[in-house]
Amino acid sequence: IPYFANLFSPLFVFIAVIFFTSKMAGNSEIIAIMAAGVSFKRLMRPYMFSCILISIMSYYLSAYVIPHGTVIRQNFESLYKNNKKNTYAQNVQLQVSPGVIAYMQDYYNKTKCGTGFCLDKFENKKLISHMTAFRIQYDTIADEKYHWKAFHWKIRELRGMKEKITSGDFQPLDTVIMMEPTDLVYSKGQQETFTSPELKEYISKQIDRGSANVVRYQVEYHKRIASSFASFILTIIGLSLSSRKRKGVMGMYLGIGLALSFIYIMLQTVSSTFAINAGTPAPLAAWAPNIIFAFVAYLLADR
């Protein structure tokens, strides 16, 4: 419910503006306001104050509330609609920190366990440490993140011509590796399950790792900010259309509102696809619908 309410909130705002302003125009109230010397910009001021409150609420929902519900929704869809959920990854290789490369042959997200693990550390493009483990387990009990336990492990430390080998076949090794289960298994729509602070942290971490699969997360992050400004643009359009006194045109305005809202949602989807598949910058893709509609709003308000 919060997801769809927030998705169609620009439409709800537009309809409310059309309905309210058309009633005022039909009763000749706007004519009286203009005749008293009130400018159109001054008439817009209470509308803009209302939009500020709506935008703050919209951003709060999309950034902090809706992601938690999306986790439940996606789990439900994976279990009952798609009949499967991606919980397995094979041949995973990633840079967990500068100069540190991790590799895992198989990873099972249900058990948070991986096999065939190795961790290579480089310094000045030279290998200084090579760690292998038959099995590695993410520690979900630990208070801090990035805690892993390695079983049947061996570490080779290379210092010039010297080599030091340590191993443990019976005692697991508690170690800190800068990676999490979310870094190893990607599921469709995963970016929608992160709150905005988590999304920002994840994007920064993936950029440091040199990951190519970061554009969809950047688009989601900027889209949440851009979408919250849609109420301003559609309010200006609705006010500009309905502030003039005309008979029997409210239905036409509502139809225009529906068309504009669905065009806005369609443009969001198309621009996001361009960013992910065609290399369009993520901020431009997220703000493109707002830029186009802001131009339309300026033309109507300037009439």
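# Briefing on a predicted protein model

Helix α2 covers 18 residues, 9-26, and at 1.5 Å a residue it should span 26 Å; its end C-alpha atoms lie 25 Å apart, which agrees. The structure described here is a predicted model. Its secondary structure comprises 10 helices and seven strands.

**Overall form**

- The radius of gyration of the protein is 27 Å, whereas a compact globule of 303 residues would have one near 19 Å.
- Along the principal axes, the C-alpha trace spans about 90 × 45 × 35 Å.
- Buried residues make up 39% of the 303 residues of the protein.
- The protein exposes about 17,800 Å², and 63% of this area is supplied by carbon and sulfur atoms.
- Among contacts with a separation of 6 or more, 58% are between residues 24 or more positions apart.

**Helix α2 and the residue after it**

- The buried residues of α2 are S9, P10, L11, V13, F14, V17, I18, T21, S22, M24 and A25.
- S28 follows α2 and has a positive phi, near 60 degrees.

**Aromatic pairs**

- The model contains nine aromatic pairs, counted where ring centres lie within 6.5 Å.
- One of them joins Y138 and W148, whose ring centres are 4.9 Å apart and whose planes meet at 65 degrees, so the pair is edge-to-face.
- Y138 belongs to strand β4 (residues 126-138) and W148 to strand β5 (residues 147-159), so this pair ties together parts that are 10 residues apart in sequence.
- Y138 and W148 are both buried.
- Another aromatic pair, Y202 with Y217, is tilted, with 4.6 Å from centre to centre and 40 degrees between the planes.
- This second pair links distant parts of the chain, 15 residues apart: Y202 is in helix α6 (residues 196-209) and Y217 in helix α7 (residues 215-227).
- Y202 has a relative accessible area of 8% and is therefore buried.
- Y217 likewise counts as buried, because its relative accessibility is 0%.
- F194, Y202 and Y217 are linked into a cluster by ring pairs.

**Charges over rings**

- R73 places its charged end over the ring of Y3, at 5.1 Å from the ring centre.
- R135 places its charged end over the ring of F151, at 4.1 Å from the ring centre.

- F134 lies in strand β4.
- With a relative accessible area of 57%, F134 is exposed.
- Apart from neighbours within four places in sequence, F134 is in contact with G114, T115, G116, F151 and H152.
- The C-alpha atoms of F134 and A102 are separated by 14 Å, and these residues stand 32 residues apart along the chain.
- H152, one of the contacts of F134, is placed in strand β5.
- H152 is partly exposed, at 44% relative accessibility.
- The phi of H152 is positive, near 55 degrees, although H152 is a residue other than glycine.

- Most residues other than glycine have a negative phi.
- N91 is not a glycine, yet it has a positive phi of about 55 degrees.
- N91 is found in strand β1 (residues 88-97).
- Its relative accessible area is 48%, so N91 is partly exposed.

**Helix α4: Q74**

- Q74 lies in helix α4, which covers residues 40-81.
- The relative accessible area of Q74 is 13%, and Q74 is therefore buried, since the cut-off is under 20%.
- Not counting residues up to four places away in sequence, Q74 touches K188, G189, Q190, E192 and T193.

**Helix α6: E201**

- E201 is located in helix α6, the helix that also holds Y202.
- A relative accessible area of 41% makes E201 partly exposed.
- Beyond its neighbours within four places in sequence, E201 is in contact with K145 and Y146.
- E201 and F262 are 61 residues apart along the chain, and their C-alpha atoms are separated by 32 Å.

Definitions and conventions. Residues are numbered from 1 along each chain as its sequence is written. This is a predicted model: local features need pLDDT of at least 70, side-chain atom pairs count only at pLDDT 80 or more; totals for chains, interfaces and linings use all residues. Side-chain values use heavy atoms; hydrogens and water are left out. Rings of Phe, Tyr and Trp (its six-membered ring) pair if their centres lie within 6.5 Å; planes under 30 degrees apart count as stacked, over 60 as edge-to-face and the rest as tilted. Helices (H or I, at least four residues) and strands (E, at least two) are DSSP runs, numbered from the N terminus. Buried means under 20% relative accessible area, exposed over 50%, partly exposed in between (1.4 Å probe, protein chains only). A charge sits over a ring if NZ of Lys or CZ of Arg is within 6 Å of the ring centre and within 35 degrees of the ring normal. The radius of gyration is taken over C-alpha atoms; the globule rule is 2.2 Å times the number of residues to the power 0.38. Contact means heavy atoms within 4.5 Å. Accessible areas come from the Shrake-Rupley method with a 1.4 Å probe; for residues, only the protein chains shown count as cover. The expected span of a helix is 1.5 Å times one less than its number of residues.
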